Amino acid sequence: YTGNTRKDIQLLAQLLKEYQFPMLHSWDYRSKPVEALACRRVGTKYLFTKKNNAWSKRWWLKSMLAHHIVYDNPEMDHRFFSGWPLHKKATFIPHGVDTNVFKPFERQPHDGFKICCVGNIGKNKNQIILLQALTQLPETVSVHLYGKEDKSYRAHLNGFVAEFSSFPRLVFN
């Protein structure tokens, strides 16, 4: 994004038209309707995943312009999508694993419990809460963080770990 809304709409619309994308699925957490407006301009279907519990007039506009909305928090249905006209264009898809499709492995012997967190390692993901909880759990529990990390946040996590002498239970991968 350039920061200029009109220019951003125009640039994205040109890209969508050039490559003839039939649909755009957005995970953008911002409420700006740039993608929705660009899609409407060129006839591309627009779907977005609503990931947070924030709501504003801009979210309403983005939702009205969308062809479909997916959300992963069941509270959002009641708060945002149960009324007209959004109830027909919003679908709840919970985070999780469908064990009818993905079968669990046979149990393997292990000597501990591992908590795995996959995603950006940064302040907005708040992994420090996991580490704080870890100090109250048995030493057989460990936390494994996988993902692109913010260097300053990693330093913050390392500082927290350094405060506890018996804290080799955090693994960065």
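Figure 1. Leu 15 belongs to helix H1, which spans residues 5-19. The relative accessibility of Leu 15 is 40%, so this residue counts as partly exposed. Gln 20 sits in the loop between H1 and S1. Its phi is near 50°, a positive value in a residue other than glycine. Most residues other than glycine have a negative phi, and most peptide bonds are trans. Gln 20 counts as exposed because its relative accessibility of 66% is over 50%.

**Figure 2. Pairing of strands S1 and S2.** Strand S1 (residues 23-26) is joined to S2 by 4 bridges, and the two strands run parallel. Within this pair, His 25 is placed opposite Leu 47 of S2.

Figure 3. S2 (residues 45-50) pairs with S3 (residues 68-71) in the parallel sense, over 4 bridges. Lys 50 has Tyr 71 of S3 opposite it. Together with helix H3 (residues 57-65), S2 and S3 make a β-α-β unit that is right-handed. From S3 the chain crosses through helix H4 (residues 74-81) to S4, and this β-α-β crossover is likewise right-handed. S3 and S4 (residues 90-92) are paired in the parallel sense over 3 bridges. In this second pair, Val 70 faces Thr 91 of S4.

Figure 4. The bond from Trp 84 to Pro 85 is cis, and its omega is near -5°. Pro 85 is part of the loop that lies between H4 and S4.

Figure 5. The loop between S4 and strand S5 (113-118) contains His 110. The relative accessible area of His 110 is 62%; because this value is over 50%, the residue counts as exposed. From C-alpha to C-alpha, His 110 and Phe 21 are 47 Å apart in space, with a sequence separation of 89 residues.

Figure 6. S5 is joined to strand S6 (residues 141-146) by 6 bridges, the two running parallel. Val 118 has Tyr 146 as its bridge partner in S6. The path from S5 to S6 leads through helix H5 (residues 128-134), and this β-α-β crossover is right-handed. Asn 126 is located in the loop between S5 and H5. Although Asn 126 is not a glycine, it has a positive phi of about 60°. With a relative accessible area of 35%, Asn 126 is partly exposed.

**Figure 7. The salt bridge of Glu 149 and Arg 154.** Side chains of opposite charge can pair when their charged atoms come close. The count for this model comes to 1 salt bridge. Glu 149 and Arg 154 form a salt bridge in which the closest N and O atoms are 2.9 Å apart. Glu 149 is partly exposed, at 24% relative accessibility. Arg 154, with a relative accessible area of 22%, is partly exposed as well. Neither residue counts as buried, because that class requires a value under 20%.

**Figure 8. Confidence along the chain.** The protein has a mean pLDDT of 85, and 92% of its residues reach 70 or more. Where pLDDT is low, the predicted coordinates should not be read in detail.

Terms used:
Residues numbered from 1 in each chain as written. Predicted model: local features only at pLDDT ≥ 70, side-chain atom pairs only at ≥ 80, totals over all residues. Heavy atoms only, no water. Pairing = 2+ DSSP bridges. Right-handed = clockwise from strand over helix to strand, strands pointing away. Salt bridge = Lys/Arg side-chain N within 4 Å of Asp/Glu carboxyl O. Buried < 20%, exposed > 50% of the residue type's maximum accessible area, 1.4 Å probe, protein only. pLDDT = per-residue confidence, 0-100.
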